[in-house]
Amino acid sequence: MAVDPPDELTSLWLAKTIYELGGIEFGDFTIGRSTVNSPVYLNPKVLIGNPQALRTAANLIDTETTSRAAMRHPHCGPFDLVAGVPLGGLHIATAFSLIADQPMIYVNPAEVRDASRIEGRYLPGQSVIIIDDLITTGGSVIATAEALRGAGLTVTDAVVLIDRDQGADRRLHSHQINLIPILKLTTILNFYMSEGWISEDQFKRSLDYIRSNRA
């Protein structure tokens, strides 16, 4: 499926594109320990099947991080390296690395807590921005940050395409990580409802689930 480049790049482009690529479903979904009996399943990984969409998503991250870094009181620190969270964040991190012209590293998923298994080139003291596609509780981002910090790297920020809005921002904050979401699931659901793309029942059940599962 062709994805047209946006006339104006905003976060709602991401919501629209995920919908058009079939990246949202409604039903009853249990995915690991963090998502149990959820009435909504969001899958940003559909972006990797469309080069234009993946490139535009990476541009969206670049725009967001650049604008936040340029604020009078920056909401995103400078970084020397990009680190993708295995496995979902690796593809978007690679695309962002190419767009931002910043080198990339990642923690080998087979040894996520072993700092010696960080792939790529780095020097202790360098700063790293973590990239992931989706966050629920934040466990994977925190584990990645711990491994990077264990190797002497500095981590202050993590960017995710979608935050399921279930308390990951507060959990990351307790680990001295600033969460930068491109979109929150609640925003996506409100947009879909306003466009008439989902039913009122799907909308209400999904919002009720999010609210009742916030940490």
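Biologist: How exposed is Asn37, and what is its relative accessible area?

Modeller: Start with the scale. Buried means under 20% relative accessible area, exposed means over 50%, and partly exposed is in between, with a 1.4 Å probe and protein chains only. Asn37 is partly exposed, at a relative accessible area of 47%.

Biologist: What kind of model is this?

Modeller: It is a predicted model, where local features need pLDDT of at least 70, side-chain atom pairs count only at pLDDT 80 or more, and totals for chains, interfaces and linings use all residues. Residues are numbered from 1 along each chain as its sequence is written, and side-chain values use heavy atoms, with hydrogens and water left out.

Biologist: Where does Asn37 sit, in a helix or a strand?

Modeller: First, the labels. Helices (H or I, at least four residues) and strands (E, at least two) are DSSP runs, numbered from the N terminus. Asn37 is in strand E2, residues 35-42. Look at its backbone too: phi is near 55 degrees, a positive value in a residue other than glycine.

Biologist: What is phi of Asp165, and where is that residue?

Modeller: Phi of Asp165 is near 60 degrees, again a positive value in a non-glycine residue. Asp165 lies in the loop between strand E7 (154-163) and helix H5 (168-173). With a relative accessible area of 12%, Asp165 is buried.

Biologist: Is the peptide bond from Pro86 to Leu87 cis or trans?

Modeller: Read omega. For the bond from Pro86 to Leu87 omega is near -10 degrees, and the bond is cis. Leu87 belongs to the loop between strand E3 (81-84) and helix H3 (88-100).

Biologist: Now the helix pairs. How are two packed helices described?

Modeller: By the angle between their axes and the distance between the axes. Axes are lines fitted to C-alpha atoms, for helices over the stretch in contact, and angles run from 0 to 180 degrees between N-to-C directions. Take helix H1 (residues 11-20) and helix H6 (residues 185-195): they pack at about 70 degrees, with axes 10 Å apart. That makes H1 roughly perpendicular to H6. Angles under 35 degrees count as roughly parallel, over 145 as roughly antiparallel, 65 to 115 as roughly perpendicular and the rest as oblique.

Biologist: What is the handedness of the crossing of H1 and H6?

Modeller: A crossing is left-handed if the near helix is turned anticlockwise from the far one by less than a right angle, and right-handed if clockwise. H1 passes H6 in a right-handed crossing.

Biologist: Which residues of H1 and H6 meet?

Modeller: Contact means heavy atoms within 4.5 Å. H1 brings Leu12, Ala15, Lys16, Ile18 and Tyr19, and H6 brings Thr187, Ile188, Phe191 and Tyr192. By class, this contact has seven nonpolar, one polar and one charged residues. Ala, Val, Leu, Ile, Met, Phe, Trp, Tyr, Cys and Pro count as nonpolar, Asp, Glu, Lys and Arg as charged, and the others, Gly among them, as polar.

Biologist: At what angle do H6 and H7 cross?

Modeller: The axes of H6 and helix H7 (residues 200-212) cross at roughly 170 degrees and come within 10 Å. That makes H6 roughly antiparallel to H7. The crossing is left-handed. On H6, the contact uses Leu185, Thr186, Leu189, Asn190 and Met193; on H7, Glu200, Phe203, Ser206, Leu207 and Ile210. The classes are six nonpolar, three polar and one charged.

Biologist: How do H2 and H3 cross?

Modeller: The axes of helix H2 (residues 51-69) and H3 come within 8 Å and cross at roughly 65 degrees. This crossing is right-handed. Among the residues that meet are Leu54, Ala58 and Ile61 in H2, with His91, Ala95 and Phe96 in H3. The contact of H2 with H3 divides into nine nonpolar, three polar and two charged residues.
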